[in-house]
Amino acid sequence: MNAFDDLADRIRAALEGLVRDGRLPPGLPLDSVLVEPPREAAHGEAATNAALLLAKPAGLRPLDLARCLAEALRADPEVVEATAAPPGFVNLRLAPDFWRRRLRDVLALGFDYGRVDLGKGRPVDVEYCSANPTGPLHVGHGRGTVFGDALANLLAYTGWKVTREYYVNDAGAQIETLARSVHLRYREALGEAIGPIPEGLYPGEYLVPVGRALAESEGPRWLGRPEPEWMPLFARRAVEAMLERIKDDLAALGVHHDVFRSERALVEAGEVEAALAFMEQKGLLYTGTLPPPKGKPVEDWEPAPQLLFRATAYGDDTDRPLKRSTGHWTYFAADVAYHMDKWRRGFDRMIDVWGADHAGYVKRLQAAVAAFSDGAATLEIRLCQLVNLLDGGKPLKMSKRAGRIVTLRDVVDEVGKDVFRFMMLTRRNDAPLDFDLVEVTQQSKDNPVFYVQYAHARIRSVFRHAAEQALPRTAAELVDAPLARLEDPAELALVRAVAAWPRTVKAAAEQSEPHRIAFYLQDLAAQFHALWTRGKEVPDLRFLVAEDRPLTLARLALLEAVRTVLATGLALIGVTPVEELH
């Protein structure tokens, strides 16, 4: 199914033949052989680094081994051309039938074309979004959420047993601030004139209905009462209300988590103490004094003994404190306990999706996971850079535009779930992304999501015309179409683009990079639109040729393969393929 895996098998077979002939020594690491598209299309359709990898253990110069391998590969009837190139690559051109066969794979397998069992059913926990439940989600949260959800889809498609998790930071000072803010709105709902919101509290109007609901259910009983009496109730009800809003916003984005894990529940169950006791038994903790923070005047710093984690023994820059001078646990201590909880739930692979502002936190948490699991568990952290929200090229100052876009939900309601999700993957997660509210809704080739959706819609329009002519239209009816009739260079280029899909899926999953799917879809759509345009200019290239039924069937088979791959890729990133655009 994967054309490049097929080529890798052929290259290994050729190398094994050279070993049998005595031209290469036995025992070479053939499993390391890779085949991929060349960086320059002029070099061929595929290239292998086999000679570069095997030259040293074979005792040969890379270019000499490349020439030897190229000669052996020319014996393959589907290898049209095999040439050695410095410093030791072998570039290949294949017979058109090698690529055309991939269309039959697509038609036979449908959505499963490209599926590969990398995970073997092993569990992986993907934690994403995890915004503090102190307010509505904003656009920055949306980027990490889309990235995490698309990655979870991709891992599930490639054989992993995925759990989608949201960590609810419902403990600590920010929740007490939230409760005080809601109490103020509660007093307001009961008729008190609260005046300007005091500095340090959350001023958002989104807390007004929370305060009103509390006033309706509790009446005036909490007016004038000491804070310790009402704090637990107001904190719990405020977090519940915020979580309901967050879940509703996520649903509008097509996101649903399997697990919502509460930090408060973790702390109240004694999990932090238990986790650190476990680490202490393993000799991972000690009481010591850290040097002054970098850049801070020594005279402003006083050394104090603290409970520390031996993070430097596991790749971090400094050992990390677990308890404050007040006796309270640090945020890091709770995070260590949380990730140990994941590990004890059976996850030896964990992926966290964070905002870029947490970059300084990466090494310490990875060190902790490596330490408490004795290296049996891994934590991958994917950082998502900022989203610059624009309106017609001008920065949108959200806090100063009353009634304009403020929250993630406002943006999704304005541009649509599909547009938002696709656009969040049009850059690597570690690169800043511009999101222009005007550009993303324009119907032009410069708008990536429109360009891909338009390709799917155009293919559907061809099939509606085919239905009018009573032509075969389903994959099952087209799987035996005479594909040898696809001879035009533009048609063959599109066939090769379809053949690249399984390799794209595999690489995206292995590298945890779902943006590769969006990039590929844009390239595939561009190839299709190029062929569509040529058909407008050259009548012989039209998809439906009344006087040539075999050619029409071959082209319909090609279109159905392209449509299937487009629909599959869009599904993986959570975007709905459209039937027609208006």
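Leu52 is found in helix α2 (residues 50–58). Helices here are DSSP runs of H or I with at least four residues, strands are runs of E with at least two, and both are numbered from the N terminus. The model is predicted: local features need pLDDT of at least 70, side-chain atom pairs count only at pLDDT 80 or more, and totals for chains, interfaces and linings use all residues. Residues are numbered from 1 along each chain as its sequence is written, and side-chain values use heavy atoms, with hydrogens and water left out.

Leu52 has 33% relative accessibility and counts as partly exposed. Buried means under 20% relative accessible area, exposed means over 50%, and partly exposed lies in between (1.4 Å probe, protein chains only). Setting aside residues up to four places away in sequence, Leu52 touches Pro62, Pro87, Gly88 and Phe89. Contact means heavy atoms within 4.5 Å. Pro62 is 10 residues from Leu52 along the chain, and their C-alpha atoms are separated by 5.2 Å.

## The four-stranded sheet

An open sheet of 4 strands runs in the order β1-β2-β4-β3, with antiparallel pairing. Its edge strands are β1 (35–36) and β3 (79–85), and each pairs on one side only. Two strands pair if DSSP finds at least two bridges between them.

Strands β2 (residues 46–48) and β4 (residues 89–94) run antiparallel and are joined by 3 bridges. Ala46 stands opposite Leu92 in β4. Helix α3 (residues 62–73) lies across β2, β3 and β4, at about 175° to β3. Axes are lines fitted to C-alpha atoms, for helices over the stretch in contact, and angles run from 0 to 180 degrees between N-to-C directions.

## Strands β5 and β6

Strand β5 (residues 123–127) pairs with β6 in the parallel sense over 5 bridges. The bridge partner of Asp125 in β6 is Thr163. Strand β6 (residues 161–168) is mostly covered, with 7 of its 8 residues buried.

## The three-stranded sheet

A second topic is the open sheet of 3 strands, in the order β14-β13-β15. Its pairing is mixed. The edge strands are β14 (394–395) and β15 (433–436), each pairing on one side only.

Strand β13 (residues 387–391) runs parallel to β15, and 4 bridges join them. Leu389 stands opposite Phe435 in β15.

## Helices α10 and α11

Two packed helices are described by the angle between their axes and the distance between the axes. Helix α10 (residues 271–281) packs on helix α11 (residues 331–344) at an angle of about 80°, with the axes 9 Å apart. That makes α10 roughly perpendicular to α11. The cut-offs are under 35 degrees for roughly parallel, over 145 for roughly antiparallel, 65 to 115 for roughly perpendicular, and oblique for the rest. On the α10 side, the contact is made by Glu271, Val272, Ala275, Leu276, Phe278 and Met279. On the α11 side, it is made by Ala333, Ala334, Val336, Ala337, Met340, Trp343 and Arg344.

Asp341 also lies in helix α11. Is Asp341 buried or exposed? At 11% relative accessibility, Asp341 counts as buried. Leaving aside neighbours within four places in sequence, Asp341 is in contact with Arg261 and Leu266.

## Aromatic pairs

The structure holds 19 aromatic pairs. One of them joins Phe309 and Tyr314, which are stacked at 6.4 Å centre to centre with 15° between the planes. Rings of Phe, Tyr and Trp (its six-membered ring) pair if their centres lie within 6.5 Å; planes under 30 degrees apart count as stacked, over 60 as edge-to-face and the rest as tilted. Phe309 counts as buried, at 0% relative accessibility. Tyr314 is partly exposed, with a relative accessible area of 36%.

Phe450 and Tyr454 have ring centres 5.1 Å apart and planes at 25°, so this pair is stacked. The two residues are 4 apart in helix α15 (residues 448–468), separated by about one helical turn. Phe450 counts as buried at 12% relative accessibility, whereas Tyr454, at 28%, counts as partly exposed. Ring pairs also link Phe309, Tyr314, Phe332, Trp354 and Tyr361 into a cluster.

## Charges over rings

Lys323 lies over the face of Trp329, 4.4 Å from the ring centre. The charged end of Arg503 sits over the ring of Phe4, 5.6 Å from its centre. A charge sits over a ring if NZ of Lys or CZ of Arg is within 6 Å of the ring centre and within 35 degrees of the ring normal.
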